[in-house]
Amino acid sequence: MERKKVLAVVHTVTYAKRLLDVLSLLEADFRLQVVFTTPPHVFGDEVPRFLQQLGSPVLPWAEATRMTFDLAVAAGPRGVEQVQAPLITMPHGANYLKRLPGMSDPGVAGLRRRDLMPGGKPPAAVVVPHHADLRELGRHCPEALELAHVVGDPAHDRITASLPRRTAYRRALGLADGERLVLAVSTWGPNSFFGRFEMLLPRMVGELPSGRFRTAILVHPNVWSGHGPWQVRTWLAWCGRLGVSVVPPEADWRSVLIAADYIVGDHGSVTLYGTLTGVPILLTGSPEPEINPGSPAATLAVTAPALSPAHPLPEQLDYAAAEYRPEEYAAIAGRITSEPGRFHRNMRRLMYRLMGLGQPAHEPRVIPLPEPPTLRTWSSDRGEASA
């Protein structure tokens, strides 16, 4: 039997995780063969190891660009104009949060013409999470509007489907009854939380009494790739020795996010996804030039309280909890996708249509996330984040 060939274009670990949710929609279909390829990328060093652990068939980029495929999917634009296939492009995080000021091609990441039509070549489809994104699309790259499909957000739907399992995730992480998990979340870049870790982390460790609080650190995979895993672990070695868990880049962060009691984060996607969990958020900074004013991140920046250097951290967490208004955060979370719970249905329909195949005759299920390992897996007296 001749199978349709599907190419997953994986630039970074972040993109890989996004695409795995998409590729799960093709499972158990013997009419298809999925292969992966890894284009050159400044943050792509860890991708081969990540794909090897999955057991994925990986084509060298030079070979993949000489072949023809029945479908290709990518969560980033770099080099994809070289792919010979109907191409679906999609954002790799929550919505379109970040502006890129001071660059040769400034604008909103993911909405610039070079992002939507790399090399001037239009893809077969541009996937967006929310109907409001169509206005942004029309403003930044009107040619892409006729290619746009509002399908939703896969991480949103997996998190939402997994919220009822919060107690199980907390038990798997090893949290005791009454113990509060504080999750420190950082995107990447000089204005990220990670850029201020040396000032803020000692406070999180020194001011949060053990027995009442546990702390975990979640750093964007681009930080690990940009500096190297050895360097990041070395910088954070003292955290491990003090019992703080450093979540490795290959781990699934979503179950840890659901288990948290407090989120201390910056202007990245994970902090925004935190609005789905119903727990207080403290912002470590909101660099206005880097936030898309039309995005839900801009609303979150003026809704969540900002971390203060002048007051004890436990008091600030209590304040954030006291001031938390579920309806305000629900409105922000509602801007992540206008197709809640329908990403799998919408995306699978689009992929099969572009391949010229009928869909499998069953509803695509949104499967709750698996239980995470214990927090002790990610902390040790030697400061190693993960084996």
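**Figure 1. Lining of the second largest cavity in the predicted model.** In this predicted model, the second largest cavity is lined by Asp-266, His-267, Gly-268, Thr-271, Leu-283, Gly-285, Ser-286, Ala-297, Leu-300 and Ala-301. Helix H14, which covers residues 296-301, gives the most to this lining, with 3 residues. Sorted by class, the residues around the second largest cavity comprise 4 nonpolar, 5 polar and 1 charged, and the volume that they surround is about 50 Å³.

Figure 2. The residues that line the largest cavity are Val-13, Glu-46, Arg-49, Phe-50, Gln-53, Pro-221, Trp-224, Ser-225, Pro-249 and Glu-250. Two or more residues of this lining come from each of two elements, helix H2 (47-54) and helix H9 (221-227). The class composition of the lining of the largest cavity is 5 nonpolar, 2 polar and 3 charged residues.

**Figure 3. The second largest pocket.** The space in the second largest pocket amounts to about 280 Å³. Of the 14 residues that line the second largest pocket, Ser-24, Leu-25, Glu-27, Arg-365 and Ile-367 lie nearest its centre. Charged residues number 6 in the lining of the second largest pocket, alongside 5 nonpolar and 3 polar residues.

**Figure 4. Ala-28 and Asp-29 in the loop between helix H1 and strand E2.** Ala-28 is found in the loop that runs between helix H1 (13-23) and strand E2 (32-37), and Asp-29 lies in the loop between H1 and E2 as well. Ala-28 has a phi near 65°, which is a positive value in a residue other than glycine. As background to this view, most residues other than glycine have a negative phi. The relative accessibility of Ala-28 is 76%, so Ala-28 counts as exposed, the cut-off being over 50%. Asp-29, by contrast, has a relative accessibility of 10% and therefore counts as buried, for which the value must be under 20%. When residues up to four places away in sequence are not counted, Asp-29 touches Tyr-352 and Pro-360.

**Figure 5. Asn-95, a residue with positive phi in a loop.** Asn-95 is found in the loop between strand E5 (87-89) and helix H4 (113-116). Although Asn-95 is not a glycine, its phi is positive, at about 60°. With a relative accessibility of 5%, Asn-95 falls under the 20% cut-off and so counts as buried.

**Figure 6. Helix H7 and the elements that cover its buried residues.** Within helix H7 (residues 166-173), the buried residues are Ala-168, Tyr-169, Arg-170, Ala-172 and Leu-173. The cover over these buried residues of H7 includes two further helices, H6 (154-162) and H12 (253-259), together with the strands E8 (180-186) and E9 (213-219). After H7 comes Gly-174, whose phi is positive and near 90°.

**Figure 7. Surroundings of Val-244.** Val-244 is found in the loop that connects helix H11 (237-241) with strand E10 (245-247). At 5% relative accessibility, Val-244 lies under the 20% cut-off and therefore counts as buried. Leaving aside neighbours within four places in sequence, Val-244 is in contact with Val-205, Thr-215, Ile-217, Cys-239, Trp-378 and Ser-379. The C-alpha atoms of Val-244 and Leu-201 are 9.9 Å apart in space, while these two residues are 43 residues apart in sequence.

**Figure 8. The whole protein chain, as context for the close-up views.** The protein chain contains 17 helices and 12 strands. Its radius of gyration is 21 Å, close to the 21 Å that the globule rule gives for 387 residues, so the chain is as compact as a globular protein of that length. The C-alpha trace spans about 60 × 40 × 40 Å along its principal axes. Among the 387 residues of the protein chain, 55% count as buried, and the chain exposes about 16,500 Å², of which carbon and sulfur atoms supply 54%. Of the contacts in the protein chain with a separation of 6 or more, 72% are accounted for by residues 24 or more positions apart.

Technical notes. Residues are numbered from 1 along each chain as its sequence is written. This is a predicted model: local features need pLDDT of at least 70, side-chain atom pairs count only at pLDDT 80 or more; totals for chains, interfaces and linings use all residues. Side-chain values use heavy atoms; hydrogens and water are left out. On a 1 Å grid over the protein atoms alone, a cavity is a set of points where a 1.4 Å probe fits but cannot get out, and a pocket is an open set with protein on both sides within 12 Å along at least five of seven lines; lining residues have an atom within 4 Å of a point. Grid points are joined across faces, edges and corners, and a volume is the space filled by probe spheres set on the points. Ala, Val, Leu, Ile, Met, Phe, Trp, Tyr, Cys and Pro count as nonpolar, Asp, Glu, Lys and Arg as charged, and the others, Gly among them, as polar. Helices (H or I, at least four residues) and strands (E, at least two) are DSSP runs, numbered from the N terminus. The radius of gyration is taken over C-alpha atoms; the globule rule is 2.2 Å times the number of residues to the power 0.38. Buried means under 20% relative accessible area, exposed over 50%, partly exposed in between (1.4 Å probe, protein chains only). Contact means heavy atoms within 4.5 Å. Accessible areas come from the Shrake-Rupley method with a 1.4 Å probe; for residues, only the protein chains shown count as cover.
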